[in-house]
Amino acid sequence: MANFQGIFPALLTPFRPDGGIHEQALAQLMERCLRQGVQGFYVSGSTGEAFLMETGERVRLLALCKEIAANRCTLIAHVGCISTKATIALGLEAQRLGYDAISAVAPFYYKFTLEEIARFYTQVMDAVDLPMLVYNIPGYSGVQFGAKRLIQMLADERVLGLKHSSPDYFELSQIKAACPHKIAYNGCDETFLQGLCAGADGGIGSTYNFLADRYLRIRAAFQAGQLQTALQEQRVCADIVEKLLRVGVMAGQKEILCQLGLDFGQCRAPFQPLSGEQRAFIAKEILPLLQA
């Protein structure tokens with residue numbers, strides 16, 4: 001389980017002007033994060049614009065990341081779709097490629113019952129021979145599992161753990177108390193330290209794409225009992241997230257990488273390109289914080 005503990009960037013997906021995946025930029029980002037010391041990557045999640053990509057593109061992205069990683073780190077493939085069949089198909093591709101685990105957001109939009117959602121995960125695990133990381137993100141999926149249901153799901157030995165993208169840290173602490181042997185990732189970047197205090201084993205986050213070193217320092221300081229140092233680092237991360245919210249988190253993160261010299265292009269429609277004013281705001285207000 002040690003291979004699953006630590007810092008995992010939820011990879012952004014770079015696109016060329018023609019809309020294709022920018023392979024060189026993807027490799028540059030992954031190498032940058034690996035040099036900083038990340039444990040692995042969470043591939044093809046919502047940060048990666050998975051729901052704006054065709055199935056074939058998601059498979060291509062999984063293959064590219066596996067090739068670039070070259071067995072140097074742990075890889076978790078997000079394969080979640082609304083359809084059980086489509087999720088299984090992506091999961092089998094991840095298994096074929098040699099990923100270490102799969103993850104799936106709860107099927108959304110149709111307001112499935114918790115029993116239907118639990119069956120979704122069971123059917124995926126029955127078909128795909130990889131550990132499952134349940135993705136709990138109620139603010140976007142609209143699915144409110146609750147601690148009791150999540151603890152029940154984690155009782156399945158095939159479930160690796162939980163990606164907890166929720167500010168409910170009481171719920172997270174309940175889950176870790178009941179399931180201490182399961183992996184729990186904090187998914188809210190602006191409150192990573194709070195997640196560690198609630199028992200998280202690490203984090204999966206979007207701002208890790210350009211702040212991995214800072215989140216590594218937060219975790220190291222927390223483990224060393226240097227809480228004031230950890231809090232100071234966390235405040236910088238929270239400040240960056242707050243400023244990103246002013247321009248749009250998805251587009252803003254890609255622009256940060258572009259300004260750092262990585263050609264990550266723009267988000268796919270219906271996301272809109274940033275204005276010149278917004279790009280200038282990032283250069284003036286966010287870029288200096290990366291060096292703070």
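At roughly what angle do the axes of helix H6 and helix H7 cross? In this predicted model, the answer is roughly 35 degrees, and the two axes come within 10 Å. Helix H6 covers residues 147–154, and helix H7 covers residues 169–178. Their crossing is right-handed.

You can look for the residues that meet here. On the H6 side they are Ala 147, Leu 150, Ile 151 and Leu 154, and on the H7 side Glu 171, Gln 174, Ile 175 and Ala 178. Sorted by type, the residues of this contact are 6 nonpolar, 1 polar and 1 charged.

Now turn to a second pair, helix H10 and helix H12, whose axes cross at roughly 175 degrees. An angle over 145 degrees counts as roughly antiparallel, so H10 and H12 are roughly antiparallel to each other. Among the H10 residues in this contact are Val 236, Asp 239 and Ile 240, while H12 brings residues including Gln 278, Phe 281 and Ile 282. This contact divides into 9 nonpolar, 1 polar and 4 charged residues.

Here are the two pairs together:

| Helix pair | Axes come within | Crossing angle |
|---|---|---|
| H6 and H7 | 10 Å | roughly 35 degrees |
| H10 and H12 | 10 Å | roughly 175 degrees |

Is Val 124 buried or exposed? Its relative accessibility is 0%, so Val 124 counts as buried. Leaving aside residues up to four places away in sequence, Val 124 touches Thr 84, Thr 87, Ile 88, Ile 102 and Met 132. Ala 69 lies 55 residues from Val 124 in sequence, and their C-alpha atoms are 25 Å apart in space.

Methods: Residues numbered from 1 in each chain as written. Predicted model: local features only at pLDDT ≥ 70, side-chain atom pairs only at ≥ 80, totals over all residues. Heavy atoms only, no water. Axes fitted to C-alpha atoms, helices over the stretch in contact; angles between N-to-C directions. Helix = DSSP H or I, 4+ residues; strand = E, 2+ residues; numbered from the N terminus. Left-handed = near helix turned anticlockwise from the far one by under 90°. Contact = heavy atoms within 4.5 Å. Nonpolar A, V, L, I, M, F, W, Y, C, P; charged D, E, K, R; others polar. Parallel < 35°, antiparallel > 145°, perpendicular 65-115°, else oblique. Buried < 20%, exposed > 50% of the residue type's maximum accessible area, 1.4 Å probe, protein only.
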